[in-house]
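I opened this model to look up a few local features. My notes follow the order in which I checked them.

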Amino acid sequence: MIDYTNLYKALQYIPALRPWLTKLPQQVAAGLNPERWGELPQWQEALAGLPDITPTQHTLNNCVRAGTTADATPQQRALLEQQLRQLHPWRKGPWEVFGLEINSEWRSDWKWNRIAPHLQSLDNRLVLDVGCGNGYHCWRLHGAGARRVIGIDPSAKFVAQFYALKKYLGMDKPVDVLPLALEALPPHLHGFDTTLSMGVLYHRRSPLDHLCQLRDTLRPGGQLVIETLVIEGKLGDCLVPEGRYAKMRNIWFLPSTATLESWLRKAGFRNPRTVDINHTNTDEQRRTEWMHFESLSDFLDPESADKTIEGHPAPIRATMIATAV
């Protein structure tokens, strides 16, 4: 069910990415190693048990939808839901499959609506989505015109979620999610027209190294879209939280927007600019029937929603656009 044959064939005809083929299959095998992911056989069983239903239509432009309610019997929809729930938690979405709504933790469509107006035309562009989760934005990028989208995320469960949906959205579609981290890409690749890094930077011990790695994925003149947690403040301001931030352990640097724009210039980008600032709220990130664990409401101070439970400033997310030199 998880099959990259079409991607490997396609990369043979993309000169900038062709050299990656010498090690990519081995990287994928390592990323899907059952010794690393003990639950991988269960996720594969969930994929194998998905019902065979042929969708009469797909929608990727204003939402991600496969088929209609009329395409599936009630028994098929019940089995579909049963198998998809075995891949809990669903963090990114929402999705609609044969009338079944997967109400994910994040309203990723809201985030897409914030970034979409600032993207260069995606027509015929090769796009990389770093830390893509289950690939929601990958599908939206393809729906907006990208000729091929490659998402990377080291979580094998997110890859399984992606393939569960690709079964119905189109196994032949030029959209793939690989079980890899950014470090797996060849250095100085310079192969993509657009690269996204959404919700990754604050997880990196060295943010400047991350920005330099992102630059190296892009051809000269390529567009970077980066979204990350920020703080209010002036040039040079940056929060380095001790302990946890919003109950998360691996949060390292939360810069001001002016600081992040400066980092982007240092990392080899020109014209970095902040195009959106959003105070994350509990309508956009919340616990749902498809994500039963704690969510944003549990991470905030119950007496003051403008603070995290540790007393840090509550989450503010900024989106920036920059051009690779």
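**Cysteines.** I looked for disulfides, taking a pair of cysteine sulfur atoms within 2.5 Å as the rule. The count is zero. The model is predicted, so I kept to its limits: local features need pLDDT of at least 70, side-chain atom pairs count only at pLDDT 80 or more, and totals for chains, interfaces and linings use all residues. Residues are numbered from 1 along each chain as its sequence is written, and side-chain values use heavy atoms, with hydrogens and water left out.

Next I checked accessibility, with buried meaning under 20% relative accessible area, exposed over 50%, and partly exposed in between (1.4 Å probe, protein chains only). Cys138 is buried, because its relative accessibility is 0%. Cys212 is in no disulfide either; its nearest cysteine sulfur belongs to Cys238, 16 Å away. Cys212 is partly exposed at 24%.

**Helix H9.** I take helices (H or I, at least four residues) and strands (E, at least two) as DSSP runs, numbered from the N terminus. H9 spans residues 257–266, and seven of its 10 residues are buried. They are Thr257, Thr259, Leu260, Glu261, Ser262, Trp263 and Leu264. Contact here means heavy atoms within 4.5 Å. After H9 comes Gly268, with a positive phi near 100°.

**H8 against H9.** Two packed helices are described by the angle between their axes and the distance between the axes. I used axes fitted as lines to C-alpha atoms, for helices over the stretch in contact, with angles from 0 to 180 degrees between N-to-C directions. The H8 and H9 axes come within 9 Å and cross at roughly 55°. Angles under 35 degrees count as roughly parallel, over 145 as roughly antiparallel, 65 to 115 as roughly perpendicular, and the rest as oblique. H8 and H9 are therefore oblique to each other. H8 contributes Pro207, Leu208 and Leu211 to the contact, and H9 contributes Leu260, Trp263, Leu264 and Lys266.

I sorted the contact by class: Ala, Val, Leu, Ile, Met, Phe, Trp, Tyr, Cys and Pro as nonpolar, Asp, Glu, Lys and Arg as charged, and the others, Gly among them, as polar. The H8–H9 contact has six nonpolar, no polar and one charged residues.

**H3 against H7.** The axes of H3 (residues 40–48) and H7 (residues 156–169) come within 10 Å and cross at roughly 5°. That makes H3 roughly parallel to H7. I listed Leu40, Trp43 and Leu47 on H3, and Ala156, Lys157, Ala160, Tyr163 and Ala164 on H7. By class, this contact has seven nonpolar, no polar and one charged residues.

**Backbone.** Where do the cis peptide bonds fall? One joins His88 and Pro89, with omega about 5°. Another runs from Gly93 to Pro94, with omega near 10°. Pro89 is in the loop between H4 (74–85) and S3 (95–97), and Pro94 is in the loop between H4 and S3.

Ala246 has a phi of about 50°. Ala246 sits in the loop between S10 and S11 and is buried at 3%. Asn271 has a phi near 55°. Asn271 lies in strand S12 and is partly exposed at 47%.
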